[in-house]
Amino acid sequence: MIAKMTRGLGRIAGRISSDLRKLYFRTAYGVRFGRGVVLGRGVSIRAFDGGSIVIGADTHVLAHAIVEAKQAAIVIGPRSLVNVGAFIGASFGIAIGADALIAEYVTIRDADHGAGDPTRPFHQQAMQGAHITIGDSVWLGAKVTVTKGVVIGSRAIVGANAVVTRSLEGDGRYVGAPARPIRGGTR
């Protein structure tokens with residue numbers, strides 16, 4: 001009975017901590033949260049320089065995940081999971097559909113530094129990027145990287161460590177660097 005009470009108190013403390021984190025991010029950065037959003041320990045969610053972030057109802061963002069929007073919008077659909085250590089960074093815009101599974105240490109980044117001027121360091125060159133769209137019920141395996149301008153269709157599965165450099169059709173299964181369909185990859 002004591003163990004059951006301890007577990008119950010732990011859940012209540014976890015919900016209170018999550019609610020305090022949401023209050024901080026809502027107040028400091030204007031982040032909007034749907035009902036039932038849960039934030040893990042060490043999560044960082046920042047919208048700055050005119051950026052905005054909306055996280056849909058019943059979405060879980062787990063420990064040490066980072067979501068940052070600079071001059072752009074990030075929208076994460078309801079009932080999604082952003083797992084431990086994931087990074088979602090937008091300078092042009094990122095839309096993630098409902099019921100998405102984003103595994104641990106996934107990187108979704110819509111921009112990178114220019115490299116066209118050999119007389120200037122990379123960090124001084126203009127950012128280059130394009131909006132990313134990830135459909136409903138997409139599953140991105142552990143350590144997947146999604147690059148600028150990509151569209152991933154609904155119900156696609158992208159295997160661990162894949163690098164998505166071009167758009168992927170829905171209902172497919174993809175692996176590799178760059179990500180490519182696997183045999184029998186459609187359901």
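In the predicted model, H131 is placed in the loop that connects β14 (127-129) with β15 (132-134). The relative accessibility of H131 is 39%, so this residue counts as partly exposed. A polar contact of 3.3 Å links the side chain of H131 to that of T133. When residues up to four places away in sequence are left aside, H131 touches F92, G93, I94, A95, G149 and V150. Between H131 and R79 there are 52 residues of separation in sequence, and their C-alpha atoms are 22 Å apart in space.

R79 itself belongs to the loop between β7 (73-76) and β8. With a relative accessibility of 46%, R79 is classed as partly exposed. The backbone of R79 has a phi near 60 degrees, which is a positive value in a residue other than glycine. A positive phi of about 60 degrees is also found at D99, which is not a glycine either. D99 sits in the loop between β10 (94-96) and β11 (101-102). Its relative accessible area is 30%, and D99 is therefore partly exposed.

Another backbone feature concerns a peptide bond. A177 and P178 are joined by a cis peptide bond, with omega at about 0 degrees. P178 is located in the loop between β21 (173-175) and β22 (180-181). For context, most peptide bonds are trans, and most residues other than glycine have a negative phi.

The loop between β8 (81-82) and β9 (87-90) contains N83. The relative accessibility of N83 is 17%; because buried means under 20%, N83 counts as buried. Apart from residues up to four places away in sequence, N83 is in contact with L62, A65, I102, A103 and E104.

Helix α1 spans residues 2-29 and includes L23. L23 has a relative accessibility of 45% and so counts as partly exposed. Together with I16 and L20, L23 forms a nonpolar patch on the surface. The accessible area of I16, L20 and L23 together is about 290 Å².

Aromatic residues were examined next. A pair of aromatic rings is described by two quantities, the distance of the centres and the angle of the planes. The structure holds two aromatic pairs. One of them is formed by Y24 and F25, with a centre-to-centre distance of 5.2 Å and an angle of 65 degrees between the planes, and this pair is edge-to-face. The rings of Y24 and Y29 have centres 6.2 Å apart and planes at 85 degrees; this pair is edge-to-face because planes over 60 degrees apart count as such. Y24, F25 and Y29 make up one aromatic cluster.

Y24, in contrast, is partly exposed, with a relative accessible area of 46%. Y29 is likewise partly exposed, its relative accessible area being 23%.

Notes
Residues are numbered from 1 along each chain as its sequence is written. This is a predicted model: local features need pLDDT of at least 70, side-chain atom pairs count only at pLDDT 80 or more; totals for chains, interfaces and linings use all residues. Side-chain values use heavy atoms; hydrogens and water are left out. Helices (H or I, at least four residues) and strands (E, at least two) are DSSP runs, numbered from the N terminus. Buried means under 20% relative accessible area, exposed over 50%, partly exposed in between (1.4 Å probe, protein chains only). Contact means heavy atoms within 4.5 Å. Patches are made of residues with over 30% relative accessible area and no salt bridge: like charges are joined within 9 Å, nonpolar side chains (Val, Leu, Ile, Met, Phe, Trp, Tyr) within 5 Å. Accessible areas come from the Shrake-Rupley method with a 1.4 Å probe; for residues, only the protein chains shown count as cover. A salt bridge is a side-chain nitrogen of Lys or Arg within 4 Å of a carboxyl oxygen of Asp or Glu. Rings of Phe, Tyr and Trp (its six-membered ring) pair if their centres lie within 6.5 Å; planes under 30 degrees apart count as stacked, over 60 as edge-to-face and the rest as tilted. A polar contact is a pair of N or O atoms within 3.5 Å; within protein, one must be able to donate a hydrogen and the other to accept it, and residues adjacent in sequence count only if both atoms are side-chain atoms.
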